[in-house]
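Hi everyone, thanks for coming along. Let me put the model up on the screen before I say anything about it.

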Amino acid sequence: MLIKRLLLNDRGGAIVLALIALMMIIVPISNLVLPTSSPLHLSTFTVTLLGKFLCYALLALSVDLIWGYCGILSLGQGAFFSLGGYAMGMYLMRQIGARGQYGNPELPDFMVFLNWDHLPWYWLGFDSFGFALLMVVLVPGLLAFVFGWLTFRSRVTGVYFSIITQALTYALMLAFFRNEMGFGGNNGLTDFKDIIGHPISADSTRIALFLCSGAALMIAYIVCRYIVTSRFGRIVISIRDAESRTRFCGYKVESYKLWIFVFSSVLAGIAGALYVPQVGIINPGEFSPLNSIELVVWVATGGRGTLFGAIVGAFTVNYGKTLFTSYSPETWLFALGALFVIVTLVLPKGLVGLFGRVKKSESAHEAIDNENLATPEIGAAKIAEEK
Amino acid sequence: MMTIFISRFLKHFIVASLLICTGVTNSFAQTEEVSATPTDFSGLVLQLATGSLSERAETVKKLAALKDNRSTVIITALEQGNLYFDSITNKVGIKDESGNFSDAITLSAVSSDISNFKKIPVNNSLRNQLRSLLSQLNLSSEDEAIRLSAVKRLLADGLDEDSAVIIEKQSASEKNKTIKSAMTIALALYQLKNTDEKIRIKAVDQLRGSLEPEARSALTETSTTDESEAVRNTAISALKSIENTVTYYRFSESIFFGLSLGSVLLLSAIGLAITFGVMGVINMAHGELMMIGAYTTWVIQQIFPNQIAYSLLIAIPTAFLVAGAVGVVIERGVIRFLYGRPLETLLATFGLSLILQQAARSIFTPLNRAVSLPEWMSGSMVINPVLSITYNRLYILIFGILVFVLLQLILKKTSLGLKVRAVSQNRTMARAVGVRASWVDALTFGLGSGIAGIAGVALSQLTNVGPNLGQAYLIDSFMVVVFGGVGNLWGTLVGAMGLGIINKFLEPYAGAVLAKVLVLVLLILFIQKKPKGMFPQKGRAAAD
Amino acid sequence: MKLKLIAKQVGALGIAAGLTIASFSAQAADTIKVGVLHSLSGTMAISETTLKDTVLMLIEEQNKKGGLLGKKLEAVVVDPASNWPLFAEKTRELLEKDKVAAIFGCWTSVSRKSVLPVVEELNGILFYPVQYEGEESSKNVFYTGAAPNQQAIPAVDYLMKEGKVKRWVLAGTDYVYPRTTNKILEAYLKAKGVKQEDIMINYTPFGHSDWQNIVADIKRFGSAGKKTAVVSTINGDANVPFYRELGNQKISAADIPVVAFSVGEEELSGLDAKPLVGHLAAWNYFMSVDTPANKEFIAKWKAYIKNPKRVTNDPMEATYIGFNMWVKAVQKAGTTDTNKVTEAIVGLEQPNLTGGVSKMLPNHHITKPVLIGEIQEDGQFLVVSSTPLVPGDAWSDYLEGSKDLESDWITLKCGNYNTKTKKCLGAAAK
């Protein structure tokens, strides 16, 4: 009932969700049921690829929630994604048990050859799936809480916020690169065997992970949709449009920002946790500031402030990347670069904006908001006001 | 072009073949096969050229023992890689700085064909031996610099009975103070091994205050191993006084390292301080503009391969113009549509940075390009044995400050600067009084980009010139600008130098990686405390 | 109406993916496909593009000779873009979609680690041509680069004997290859009687560019009266500023020689070699080695790349050996089937470019000579020492965890067999 009400005013979202649901039905059938000889058979490669895209879409959704609706541009969202990924990776490492190269039941391989004699304390508990799941949510959430509490309280906004989130993910990247940290250094965590007792390379496990990612994305979408249409969401939007005015109206701007930031980083963490078992490796490269910037562009490409646009963007850009890196590797960066420029200059509303006023049925104020973002004068006035 | 390549190619093979047949296969096997070894000068020189690497060591010894004046010339040439051999005419030649050859035996110029001359290869152990030999031969050289380095060399090698006698004799007549004190130290080091306790104490006293590392390590050894307690105690007190001085110099060294790192940060951040601070544009392609500057340096060096010494002087204005022009194009083509939307400029310029990077990769290949260091940029200024300052760092530090001052002057004293400040503070008002705001925007962005180009020239002297050059410095530059305070060049200066010094003082304790992480964390915490940086903009401009 | 367009777009993803797979499996029979998995963009492009070209050259040459088993070879080039998860993804694409018979690829350890589970799962073949840290042996991977005992230990031996070095600085970039190599070297040096205080270990991040105080430290460490040498496992981009700083602080090779394991001809072509003259490198191949095979290879390479200034380097030779061994193994087995080829290839011999004959060992490593070279002004190496062929050792004898391990894919059928407990460890254990 609630879902129906939420999607009633969101036709784009409804379509995207329907497509995802369709994909979640077709893909397992075509991969598991159809024989490999059938032309409609989907290879495991495609399944993991689509699964990866779903995780990226979830990550993009988390960015759109804070950027599109709260005006917070985090260039460090990749950090929360990676932390979630590491938490899951640590669980998967512990599952290897004595099947590592050195057959050490207690320590992961990289610890054995660096002569660690016992498991560091922060690895304790990760042999339990439940604990790992808790950490997937808790670690990114907690970091976002502390970081957000410090920054929002001192009213760090706009580009300053973007730049220090970039510093955050950069610092984490450098730290995780260190072998002394006990997270496998540059090599990261890899060579996973099982997840909750199921071999990770089995087709059925891959399909299950794919389905989990799809379900997570759909649930996250609905929850995000619920948030932005709720009273809480309206205040968040008003913070985006006129932070000072909202504050003068008596709202505690900091706590609103903080909670939506924490929620978004938890989403990113979950995306990371689903991503790692599917791609089979997590390493500090994921913390790279460039990754975080790139994912902002997925959102911009799809169309920000629409939620479903983020999903469309994540799929389009990543599909393009897969195509280009296979068929014309040299031109990929040209294409990606041009996409950045064109989207910001010509398509401020992204791809979904291309198809006219999708928002006809959307609530009136949202349409105006997007107008704000699109036209420089009002945008500038808005920013001036923010300061 | 082709012929050069072929001749190089040939040379390369012949050298290599020489090595393979002689060096590698024989270097361990053969020892002292005495097969009609020549003893006269010309015979020895010829054997030097034809023998194997380890035979060469023996031959050189014999040459030095001949006490022929020409031996010094030959050994010097061999050490510096200027001794050549023509296997067809069996001639040994010495190449001088201008590339002309003279016959090694007659020392007269070689007029015949020189294309067959191949360099006689030298390896490290031979080079070491040559240097020791040379130092003994050069002790009585007329040139003070040569004499000093000869003494220093002996000092490092340690004296033996013979050389101690020579040094003692020489030091009596030596007039140059530096050389004389080096000789005294060398002698004192020798006398530390004397059996007479008094002489040893005297030697320790002579070493007191010397900063030579050899003196320190010898004293450290004496202070623990000498059998006489008196000697040990004297050595301990002498060491203590040396250690105090060393600590002081090491502190100054860390300060210099910090300033030097700071100057690199300053150069890379100052262009950004203009585009970001003054114009409010987040230029993610800033790093690539530095990359353009660095590539410009390389191209200039390719065009004028014989003018490496002046190449930087040409490269600086050229890089400014090239990067500046690219900057103006970026501003006119992209950024002017995005004013007032800083987050969008971030994305668009990031796209541009990807395009520029890939373009560099397509044009110059992904390989790094070799930019040479001009003679005057290499080496270091030796202040004393524990403190020396490298020239390239020193010049870059001076250069960074120069650029900073120049920029301040432009902004404060010229009409362009006035307009830039006017537009950045209140665009509408500036336009109302007749400032062509869009023109000023383009020029300001061009100025910032041009300075990034200049920074690229400086970086080409320190690090790799490749497509990824800019990326490495981008985040650091942003941090500097934010730390210093946006829109304030003084903030950028203090921020860059401060971060540089903090980094260099943390590094010895935390290691390079952790130091950087700590600096970033400190920075994040600092921003919480002072969200607008160290020197926030005040007044109207800040309020907008 | 317009919404339908969106729908189409999103739907197109799935359909397009499906179609490409279908079209690929149709044409697989006519040629033998060879995967080339080297980064063509991103930070590793600088090293890896050369290897991509090398494989393409070798394939072209093989096709001129009439191909393999009567079929032409076809290269499938993909770009993992220096992104480690993408390496795994592209491997899956190559093996599952393109059905390549073998993959030549990877450079960094992490890319190999990322690819490894996929190659094992899909039973593919990977030839890895770069020197690495060892501690690995997979049924599906052939390591044609040097293991630590084929590079690091002979280099240290040389310095000890010839250079009379007593004090050691082990400087490296902070990742697994330098870490492991330095662990091995530290244990080795101590076994040779070097004291702890005569060993200095230093790690720096990737692309480190400010070497001032580390070089000053090395200088101080080296001025303690004993002959000092630096063993450098500093990676790629950090080398130029490192050597520059050494040169500027007037540390010459005669005072403190630096022996590097990651600096070859190609890296030297990107910097001014003059200040580096006399510093050392240990490899299994140098361009300056004068053998007919090498001469021919260099000439071919320069002609293929259409640039007379391009240099050759050690990983190129490793690619050359690996490729030719694979060709011979396929010919011997008469098929490209993974199991048959991996069985056929062990024991095969292939002349290397330095005059010896390398052999594929049962542990999937090869025998190689170790050459020590001194850097010359023209960016080439003067070979100052060489060893006979050294068999590659997957598990180091100097590390606590691995000294009892042995790898043998023929008799033991195990990559990590513990000689004490007589058990095959790891995944095979269950």
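Predicted model: local features only at pLDDT ≥ 70, side-chain atom pairs only at ≥ 80, totals over all residues.

Residues are numbered from 1 along each chain as its sequence is written, and chains are lettered from A and ligands numbered from 1 in the order in which they are written.

Let's begin with chain B. It has 22 helices and six strands; these are DSSP runs numbered from the N terminus, with helices being H or I of at least four residues and strands E of at least two. The radius of gyration of chain B is 30 Å, well over the 24 Å that the globule rule gives for 544 residues, so chain B is more spread out than a compact globule. That radius is taken over C-alpha atoms, and the rule is 2.2 Å times the number of residues to the power 0.38. Along the principal axes, the C-alpha trace of chain B spans about 95 × 70 × 40 Å.

Now, over to chain C. Which strands stand at the edges of its sheet? The open sheet has seven strands, ordered β7-β6-β8-β9-β10-β14-β15, with mixed pairing; strands pair if DSSP finds at least two bridges between them. At the edges are β7 (199–204) and β15 (381–386) of chain C, each with a single partner strand, so one side of each is left without a neighbour in the sheet.

Further in, β10 (residues 280–283) and β14 (residues 371–375) of chain C pair in the antiparallel sense over four bridges. There, Leu280(C) stands opposite Glu374(C) in β14(C).
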